[in-house]
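Dear colleague,

I am passing on the structure we spoke about, together with my notes on what was found in it.

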Amino acid sequence: MLRAPRRLPCPPRRAASTGPGPGRRLLLSTPIFYANGPPHIGHLYSALLADALHRYRGLRGAGPGRLSTGTDEHGLKIQQAAAAAGTSPPELCERVSGLFRQALTQAAVSFTDFIRTSEPRHQRAVCHFWGALRDSGALYKGCYEGWYCTPEECFLPESQLAERRDAQGRPCKVSLETGHQVHWTKEENYMFRLSAFRGPLRDWLRDNPQAIAPEPFYRRVLRWLEEEDLPDLSVSRERSRLPWGIPVPSDPTQTIYVWVDALVNYLSVVGYPEGHGQWWPAARHVVGKDILKFHAVYWPALLMAAGLAPPERILVHSHWTVRGQKMSKSLGNVVDPAASMDHYTVDGFRYFLLRQGVPERDCDYYEEKVVKLVNSELADALGGLLNRSTAPSINPSNTYPSFSEACFPKLSDHREANGPGRACAEDYELVASVASLPLQVAAYFEGFQIYKALERVALCVRQSNGFFQRHKPWKLDRTDPGEQRWLDTVLHVTLECLRVYGTLLQPVTPHAAHRLLSRLAVGPEERGLSALTFLPRYHGKPSPFEGRQLGPDTGLLFPRLEMPRRTRADTKELRSPTNGCCK
Ligand code: MSP
């Protein structure tokens, strides 16, 4: 029965490239979401991370990019959810897929491709991929039995199971990780020779230390490959039990395993089996930690077997809990992204998730934290600064004020001359911090530490507020030409800082950043990152903004948020130590 592999394991056709590289194509992806229930904030977080990376790349002018997302519509899980809802799988998927599309659109996720695994283009790609696996000798038919976990759609070894009692008090086995019940399943399946890929997978990871980020997840995968069993993988199910899926080509008694089907979405979006060569393997997948093994072990092995290179990078994030508990329908604590965006605004909610979400560790969600963060950093610090520095009382001409080199001499001149400048040591620190901010942000985005990029921006915004407060421009005497020059310089520096923050925040808070930049009269072609120079006048260079008429005042940049009504009464509970900040 076990046929010798014809060409296994085969080396990738092209080594996965690393580093951003100018003008290069890149496919960024979110996982495709199970179409068995509505979106929640965990799903949104995966999508926002990918969206921020995609938008950031666009601002850098880094070459053609795509952001793919979609819905995972086959498998037992969907079949059972449809039966429970008294509907058919296609009807359920149509409805739920629409909900995901709607939520992602509401959240301003700038996807270029939305794929549904029930689409013919995807089914064609999966069948072709299966053919490539079969032709390489990677598949064989074998009898498989084991504990199957339907919600996770996979077989689990004994080591990942625990004994429990079911609702009727009968002993049963459950998945250690998720607590879901498993069932003994025995059937004839096609098997994938995963065990043959231990060496090639290890080599791939050792040659590409950036392939999985953050680093702890890279080490976790290496550990799996070094210390754990890597049994062959069952890659089909009996069609009589699972009709809702793609049939195995030339064997209609079997349905292709939903994870093989789902993973191939990353190829179908780029036109596999014909057009993918332009994009593959320049792909970066954003995934939650629960689906790391599928993406970092099974997917690269399947690709190698099919004669393709593994993706360039897998970017992994941890999970959101809600007030210290796992989100679940039964606990009734699932956070609805649409309602959250309605209440906290799209940008407020995006900012919160990306600023507070730390990919390396689980983060806890509760409303008070959203309100506090958004009010202090977006409404008060950023919005307040814009409001105060553009107020008609201190800038009646509504222009981008001019910078005086005499008031704010370049540091070396100032030191040498000990001259008449009015700027103090902290002001020079501010200039140095903001000047280095774009590069720091770039490094954090490249390192998948968007939260750190935002932390740095927030810190600079605080510094700018300190600068403004220190010099109290509203108290300066505008009838005195010397005072007026200093007032203009304080405003010029402040607006320059705001211009940098607005530019850098575009990937995270696109609407607020747009409003901020429009108020500062920054044109659409001036919003990219490559030409982002901060305070050129300080270096004796001309500023294209100086003297320019500011954009219209369209009101508060960011209105202060209130606590959602239903949770105001819960504030005592919110302050309990288990609900502490995740950072
Ligand atoms: N359909 C598979 C993915 C197939 S990709 C080829 C799947 N879908 S999912 O809908 O269950 O999850 C989609 C994403 O949401 C995953 O990245 C998952 O980690 C993420 N989240 C689900 N719950 C989460 C939290 N509570 N917190 C953060 N993200 C979590 O898995």
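In which sense do strand β5 and strand β9 pair, and over how many bridges? Strand β5 (residues 139–149) and strand β9 (residues 183–192) are antiparallel partners, and 10 bridges join them. Please keep in mind throughout that this is a predicted model.

Within that pairing, Gly-146 has Thr-185 in β9 as its bridge partner. Both strands belong to an open sheet of four strands, which is ordered β6-β5-β9-β11 and paired in the antiparallel sense. Its edge strands are β6 (154–156) and β11 (233–234), each of which pairs on one side only.

Strand β9 also contains Tyr-190. Is Tyr-190 buried or exposed? Its relative accessibility is 17%, and because the cut-off for buried is under 20%, Tyr-190 counts as buried. The C-alpha atom of Tyr-190 is separated by 8.5 Å from that of Leu-233, although the two residues are 43 apart along the chain.

Helix α4 (residues 120–135) has 16 residues, and the distance from its first C-alpha to its last is 22 Å, close to the 22 Å expected at 1.5 Å a residue. The buried residues of α4 include His-122, Phe-129, Trp-130 and Leu-133. Just after α4, Gly-137 adopts a positive phi of about 85°.

A second open sheet, this one of three strands, has the order β12-β14-β13 with antiparallel pairing, and its edge strands, β12 (236–238) and β13 (247–248), each pair on one side only. Two bridges join β13 to strand β14 (residues 251–256) in the antiparallel sense, and Val-248 has Asp-251 in β14 as its bridge partner.

Strand β1 (residues 26–29) has parallel partners. With strand β3 (residues 65–72), β1 pairs in the parallel sense over four bridges, and Leu-26 stands opposite Gly-65 in β3. With strand β15 (residues 283–288), β1 runs parallel and is joined by three bridges, and here Ser-29 stands opposite His-285. In a regular strand, side chains alternate between the two faces of the sheet. In β1, Leu-26 and Leu-28 point one way while Leu-27 and Ser-29 point the other way, and all of them are buried.

How many residues surround the ligand, and which are the closest? There are 24 residues around the ligand, the closest being Ile-32, Asp-72, Gly-288, Asp-290 and Trp-320. By class, this shell comprises 12 nonpolar, 10 polar and two charged residues. At least two shell residues come from each of β2 (33–34), α1 (41–60), α7 (258–263), α8 (265–268) and β15.

An N or O atom in the side chain of Asp-290 is 2.5 Å from an oxygen atom of the ligand, and for the side chain of His-319 the distance from an N or O atom to a ligand oxygen atom is 3.4 Å. On its own the ligand has 670 Å² of accessible area, of which the protein covers 93%.

How values were computed. Residues are numbered from 1 along each chain as its sequence is written. This is a predicted model: local features need pLDDT of at least 70, side-chain atom pairs count only at pLDDT 80 or more; totals for chains, interfaces and linings use all residues. Side-chain values use heavy atoms; hydrogens and water are left out. Buried means under 20% relative accessible area, exposed over 50%, partly exposed in between (1.4 Å probe, protein chains only). Two strands pair if DSSP finds at least two bridges between them. A residue is near a molecule or strand if one of its heavy atoms lies within 4 Å of it. A polar contact is a pair of N or O atoms within 3.5 Å; within protein, one must be able to donate a hydrogen and the other to accept it, and residues adjacent in sequence count only if both atoms are side-chain atoms. Accessible areas come from the Shrake-Rupley method with a 1.4 Å probe; for residues, only the protein chains shown count as cover. Ala, Val, Leu, Ile, Met, Phe, Trp, Tyr, Cys and Pro count as nonpolar, Asp, Glu, Lys and Arg as charged, and the others, Gly among them, as polar. The expected span of a helix is 1.5 Å times one less than its number of residues.
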